[in-house]
Amino acid sequence: MRGRSNQFSDRFDWTLCLLIMLFCLTSCVSIYSANKAYLPTQLMWYGIGAIAIAVLTYFDNEQFRKLTWIFYGVGIALLVGLVFAPITDFTPQRNGAQSWYVIPGIGSIQPSEYMKVFTIMALSKVMHDHHEKTIYTTFKTDFILLCKMALAGGIPIALVIVQDLGTTLVLMAILAGMILVSGITWKIIIPIYGTALSLGSLILYLAIYGRDFLLKYLHIEDYQFKRIDSWLDPVESGDSGLQLVWSLQAIGSGLISGKGLGNIEVYIPERHTDFVFTIIGEEYGFIGGSLIIILYFLLIYHLTRTAFLSNDPYSIYICVGVISMIAFHVFENVGMTIQLLPITGIPLPFISYGGSSLMTNMMAMGLIFSIRYHHRTYMFSSRLAV
């Protein structure tokens, strides 16, 4: 074994640090343009996130595996608490959803956001422990692993599906992405994914062309179709489609190079949160939007490279889970602002305003920093270059 360098400069992930700093700069500039009153709070959460990264970097994979079920259990307990808690100042209802704990002096905490990282850790441990105990893989052992993963990922999904569609979709994306690298035979994966895709397509088709069936047999309320209508035809959807109409106007008005810093002319409510990409599109145009997409591509490429360089299966699973989470967030958030996808409450990673969302992403990066910091290489390994 070659071991690892004792020099901090050799073990620290400077590339990831630079990427996070660029995201921080982008977030601060965008939030300042939207409403500078939110900038100090965002900087505060970035500072807390940096501390979280430093703490998480200290722990290695073995310690994370031992703590996984503690984190997961706390997250589940907080979600269960929201399900049964009455509507109070401590557990308020916002936009029809009761998804936050309000702590005086700290602010709102959304457990479903942190549950994304805890679910990644739980799924990684399930896969690691299963393969460590399984000498010969068979159809039966693969099916057992799938059931274990479905249980670990399904519990948080079941607890948030009613209150938070956006987080539900992210958790599903994490589960789907990690199943792909779990080693489960394609004889199981293809039928399940094919069935899920067919079912999703059927539901979307019925939501557009077969609403009478959904209203009659599934008791879907008529108002629940407004999200589909506002996506497909926002102009004719009235007030429910205004957010998307304004979003398209803002991004489209930016043209190629944008209007410049601070030159925001299209009004979009709460644009500093889920619609922060419209600020980038309006102020910096197609060029600015493309640079942000490239920045996310570089982040995902770096996470992928980290996974390939790792010698530990648990670390690889963590990387895949984080990649699935970040990629889905970016695809859905940018897609909904340009009418490619329906609008959901999914923020743009590292850029949107929000303490819980930012802390979730910083905690995920803390796991990656830990993987690189505690990485070991082996004398006869083909992965000596780190």
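Hi everyone, let's start with a crossing: helix H7 and helix H8 cross in a left-handed way. The residues that make this contact are Ala176, Ile179 and Leu180 on the H7 side, and Trp186, Ile189 and Tyr193 on the H8 side. Sorted by class, that contact has six nonpolar residues, with no polar and no charged ones. Before I go on, please keep in mind that this is a predicted model.

How do we describe a pair like this? Two packed helices are described by the angle between their axes and the distance between the axes. For H7, residues 165–180, and H8, residues 186–209, the axes come within 11 Å and cross at roughly 150 degrees. Angles over 145 degrees count as roughly antiparallel, and therefore H7 and H8 are roughly antiparallel to each other.

Now for our second pair. Helix H12 covers residues 276–309 and helix H13 covers residues 313–337; their axes come within 10 Å and cross at roughly 165 degrees. So H12 and H13 are roughly antiparallel to each other as well. What is the hand of the crossing where H12 passes H13? That crossing is left-handed.

If you have the structure open, look for the residues where these two helices meet. On H12 they include Phe277, Ile293, Tyr296 and Leu303, and on H13 they include Ile316, Cys319, Val330 and Thr337. How do the residues of the contact of H12 with H13 divide by class? There are 15 nonpolar and five polar residues, and no charged ones.

How many cavities of 30 Å³ or more does a search of the whole structure find? The search finds two. The largest cavity holds about 90 Å³ of space.

Which residues line the largest cavity? They are Leu79, Leu82, Val83, Gln98, Ser99, Ser112, Leu159, Val160, Gln163 and Asp164. Two elements give two or more residues to this lining: helix H4, which is 61–84, and helix H6, which is 139–160. H4 provides the largest share, three residues. By class, the lining has five nonpolar residues, four polar and one charged.

To wrap up, H7 with H8 is a roughly antiparallel pair, and H12 with H13 is another.

Technical notes: Residues numbered from 1 in each chain as written. Predicted model: local features only at pLDDT ≥ 70, side-chain atom pairs only at ≥ 80, totals over all residues. Heavy atoms only, no water. Axes fitted to C-alpha atoms, helices over the stretch in contact; angles between N-to-C directions. Helix = DSSP H or I, 4+ residues; strand = E, 2+ residues; numbered from the N terminus. Parallel < 35°, antiparallel > 145°, perpendicular 65-115°, else oblique. Left-handed = near helix turned anticlockwise from the far one by under 90°. Contact = heavy atoms within 4.5 Å. Nonpolar A, V, L, I, M, F, W, Y, C, P; charged D, E, K, R; others polar. 1 Å grid on protein atoms, 1.4 Å probe; cavity = no way out; pocket = protein on both sides within 12 Å on 5 of 7 lines; lining within 4 Å. Points joined across faces, edges and corners; volume = space filled by probe spheres on them.
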